Amino acid sequence: MITEKLQDAINYQINRELFSEYYYLSMASYFNATGLSGFENFFLVQVEEERFHAMKMYRFLNEKGGRVALQAIEAPKTEFKSPQEVFQLAYDHEKLVSGLINDLMDLAISENDHAARNFLNWFVEEQVEEEASMETILNKLKLVNGEGHGLLMLDAELAQRVFTPPAK
Ligand code: FEO
């Protein structure tokens, strides 16, 4: 069983993970249009990650006897000024998501739901990686001023990223 409050909060988080998927797909599309296929690949893999996060929450809520209720997903930003701007926004977004996961954990604690706490621990750790991955690339972009040979080298590096679903 799960309390209605926690059920509603997880449904909201499913919506935020699906929005993240949508947002990153929009960023992938920007990089496709600018011809930076490695950067595009990075965000297409990120899209898979976000779908995985949403589905993990979907499965948990169902297993707990809750009811998944999907909500509308707003349109993401579609125009970006530069790769650096994209990564700044992606980094800011991940920090925001970390805050939402913390709020969800606070609620699981106040609702005394140990299973939910245990489940959410995975997301707490995952957010450390999510923020770090965006921040690392943002810092590299700053180092190369977002242009020239450095940008192309970074594009080649990001072309190597593959999606590996976690075991659980
Ligand atoms: Fe689902 Fe990127 O956090």
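**Aromatic rings and nonpolar cores in a predicted model**

Modeller: One aromatic cluster is formed by Phe19, Tyr23, Tyr24, Tyr30, Phe31, Phe39, Phe42, Phe43, Phe80 and Phe87. The model is a predicted one, in which local features need pLDDT of at least 70 and side-chain atom pairs count only at pLDDT 80 or more, while totals for chains, interfaces and linings use all residues. Residues are numbered from 1 along each chain as its sequence is written, and side-chain values use heavy atoms, with hydrogens and water left out.

Colleague: Why is the pair of Phe60 and Phe119 called stacked?

Modeller: Their ring centres are 3.9 Å apart and their planes are at 5 degrees, so the pair is stacked. The pair joins distant parts of the chain, since Phe60 is in helix α2 (residues 37-63) and Phe119 is in helix α4 (residues 114-143), 59 residues apart. Helices here are DSSP runs (H or I, at least four residues), as are strands (E, at least two), numbered from the N terminus.

Colleague: How do you know whether Phe60 and Phe119 are buried or exposed?

Modeller: Buried means under 20% relative accessible area, exposed over 50%, and partly exposed in between (1.4 Å probe, protein chains only). Phe60 has 9%, so Phe60 is buried. Phe119 has 13%, so Phe119 is buried too.

Colleague: What makes a set of residues a nonpolar core, and how many residues has the largest one?

Modeller: A nonpolar core is a set of buried Ala, Val, Leu, Ile, Met, Phe, Trp, Tyr and Cys residues joined through side-chain atoms within 4.5 Å. The largest has 24 residues, and Met27, Phe31, Phe39, Phe43, Phe87, Met134 and Ile137 have the most contacts inside it. At least two residues each come from α1 (4-34), α2, α3 (83-110), α4 and α5 (148-158). The largest share, 7 residues, is that of α1. Another core, of 21 residues, lies apart from it and includes Leu6, Ile14, Met105 and Phe119.

Colleague: Which residues is Phe39 in contact with, leaving aside neighbours within four places in sequence?

Modeller: Contact means heavy atoms within 4.5 Å. On that basis Phe39 is in contact with Phe31, Phe87, Ile137, Leu141, Leu151, Leu154, Asp155 and Leu158.

Colleague: What span should α1 have, and how far apart are its end C-alpha atoms?

Modeller: The expected span of a helix is 1.5 Å times one less than its number of residues. The 31 residues of α1 should therefore span 45 Å, and the end C-alpha atoms are 45 Å apart, which agrees. After α1 comes Gly35, with a positive phi near 80 degrees.

Colleague: How many helices and strands does the chain have, and why is the chain called as compact as a globular protein of that length?

Modeller: The chain has 5 helices and 0 strands. Its radius of gyration is 17 Å, close to the 15 Å that the globule rule gives for 168 residues, so the chain counts as that compact. The radius is taken over C-alpha atoms, and the rule is 2.2 Å times the number of residues to the power 0.38. Of the 168 residues, 47% count as buried.

Technical notes:
Phe/Tyr/Trp six-rings, centres within 6.5 Å; stacked < 30°, edge-to-face > 60°.
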